[in-house]
Amino acid sequence: MARLNRSILRFPVISFPQIRKQPVSTATTPSTASKPTGDISSVFPSLSGSASKPLPPRFVDIKKRLIRGHEAQIQASWKRLLRVLQQKRDEIKTKGSDMVPEINFWDLNDVEKRTKFRDALHQTGVAVIRGVVQEKEALGWKELVKRYISSFPSTNPAVYELYWSPSQILARSHPNILRVQNFLMSHWHSAGGPSDTKHLISTSHPLSYADRLRLRQPGDTSFALGPHIDGGSCERWEPSGYGLGGVYNEIFNGNWEKYTPWEMSRRIPVRSDLYNGPGGCSMYRMFQGWVAMSEIQGGHGHLKICPMIKEATAYVLLRPFFSPSKSQDNPRYLDIAHWPLENPVSSSLQGAVPANCQELNTELHPHLVLDDTMIHVPEVRPGDYVAWHCDVIHAVDSIHMGPTDSSVLYIPACPLTEANADYLARQRETFAEGTPAPDFPSGEGEAQHRGRLTAEYVMKNISTKAQRAMGLAAFDTKHRHLFDRERETLKMANRILGFGDA
């Protein structure tokens, strides 16, 4: 781990390249307005205590348009889905955490192990990569974090609204973390193939996304995140959200089995944060993830996931089109025959609230049987990396019943796209200022905090690849092993980041 030179821990003194003047496509670029103030509870109505209001009538029209002309196919696909969910639930109850694929960092080049890992990842949407960082180094990051936060008010939150601590920057720029991000994103594909220059994206050039950190103490009940999906909520049904790329067309057309969660070109134009909510993610994150800074096991403030990415996604998206004909206390409440298409159509999108994440529970999403299908990720040690597909349902233990802290640095895996490069340019400015990253609640943040790394220090102490991931250095567009799509993507990103045609 790089040693900190206290003499340069001051406000940044270097300047960044001029960001290009022209805006990127309005179809892909979120609002650049500052987020409201708040904290992580701001995107969880269940945590903030705010009551969910009925959605406006326009959502009735949206729902009608989505299935108009193929209602019979939707009804038939719903029945097929409910049968499959019963089978998946039985499998999850039997296998539990063993369903989650694992691979050692030093085995990433082992073809046989990679293939087995890939097949399981595509089914579950979640993974554990062991030994990405040495335990000593990960524990060192935690000690640095503790020193960094020592001058903050002693409210002792489980999740800190911090983005630019030395530990976070060192972790995001670690070569092994960048290698794992590249590896994970290689499991996505584009229908057009690597020569497709119409959909500019590169999974070989991961971008640094400044996210929070967690230091959850034993006995904590405040960080009780229930089942949810990040990356917006209502946007999944809206034509100006995920509809821009037709991400879920197969599901809404009554062919959910043909839907692939791993096709990336359709997600490039998506607007996942139409309402500029505090903490709503506008960047395209293929995987959410974190690196552990402590030992964490089930019940000890650990991550829980629903390991059936395709089936669960289809259920969440189709659920608003159906309503039960029996009451919940009826023993046949969940029977397939008793869930016809909703009539009349309501505006409800169960668990979706504008400017918030998508929340789920057993009342709104009964066929998922979340009490059975939400399982713990296997036990992890400091330096292990956990990742889950951006559409995976996940939660956190409501009570931390372990004897020691449950600590992680949140580090997702983000590809290089036009919209992501535009976000990176704005994030680069918040890094220089020490303020919260653009997706997060606004405020002074760490602007006056002693111990914050300067851009000058970062440029001298991290690799060129890590500098590029942060938007601090130009991408190499002349590398001879680039595919056509990658080369054009890098050129586009350099222009956005102010490096011209470097």
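# Reading contacts and the sheet

User: What do the side chains of Arg-58 and Glu-238 meet in?

Analyst: Side chains of opposite charge can pair when their charged atoms come close. The side chains of Arg-58 and Glu-238 form a salt bridge, at 3.1 Å from N to O. The term covers a side-chain nitrogen of Lys or Arg within 4 Å of a carboxyl oxygen of Asp or Glu. The partners come from distant parts of the chain, 180 residues apart: Arg-58 is in helix α2 (residues 58-67), and Glu-238 is in the loop between β6 (228-229) and α8 (249-252). Helices (H or I, at least four residues) and strands (E, at least two) are DSSP runs, numbered from the N terminus.

The model is predicted: local features need pLDDT of at least 70 and side-chain atom pairs count only at pLDDT 80 or more, while totals for chains, interfaces and linings use all residues. Residues are numbered from 1 along each chain as its sequence is written, and side-chain values use heavy atoms, with hydrogens and water left out.

User: Is Glu-238 buried or exposed?

Analyst: Buried means under 20% relative accessible area, exposed means over 50%, and partly exposed is in between (1.4 Å probe, protein chains only). Glu-238 has 2% relative accessibility and therefore counts as buried. Arg-58, at 38%, counts as partly exposed.

User: How many salt bridges does the structure hold, and which residue meets Arg-212 in one?

Analyst: The structure holds 23 salt bridges. Arg-212 meets Glu-161 through their side chains, at 2.9 Å from N to O. This pair spans 51 residues, from the loop between β3 (159-160) and α6 (166-172), which holds Glu-161, to the loop between β4 (202-207) and β5 (213-216), which holds Arg-212. Glu-161 is partly exposed at 24% relative accessibility, whereas Arg-212 is buried at 6%. Elsewhere, salt bridges with shared partners join Lys-88, Glu-91 and Lys-95 into one network.

User: How many aromatic pairs are there?

Analyst: A pair of aromatic rings is described by the distance of the centres and the angle of the planes. Rings of Phe, Tyr and Trp (its six-membered ring) pair if their centres lie within 6.5 Å; planes under 30 degrees apart are stacked, over 60 edge-to-face, and the rest tilted. The structure holds 15 such pairs. One of them, Phe-252 with Phe-321, is edge-to-face, at 6.2 Å centre to centre and 70 degrees between the planes. Phe-252 lies in helix α8 and Phe-321 in the loop between α9 (309-318) and β9 (358-359), so this pair ties together parts 69 residues apart in sequence. Phe-252 and Phe-321 are both buried. Tyr-333 and Trp-339 have ring centres 5.5 Å apart and planes at 65 degrees, so that pair is edge-to-face. Both Tyr-333 and Trp-339 are buried. Ring pairs also link Trp-78, Tyr-315, Phe-322, Tyr-333 and Trp-339 into a cluster.

User: What is the strand order of the open sheet of seven strands?

Analyst: Strands of a sheet pair through backbone hydrogen bonds, either parallel or antiparallel. Two strands count as paired if DSSP finds at least two bridges between them. Here the order is β1-β2-β11-β7-β13-β5-β3, with mixed pairing. The edges are β1 and β3, each with a single partner strand, so one side of each has no neighbour in the sheet. The pairing of β3 with β5 is antiparallel, over two bridges.
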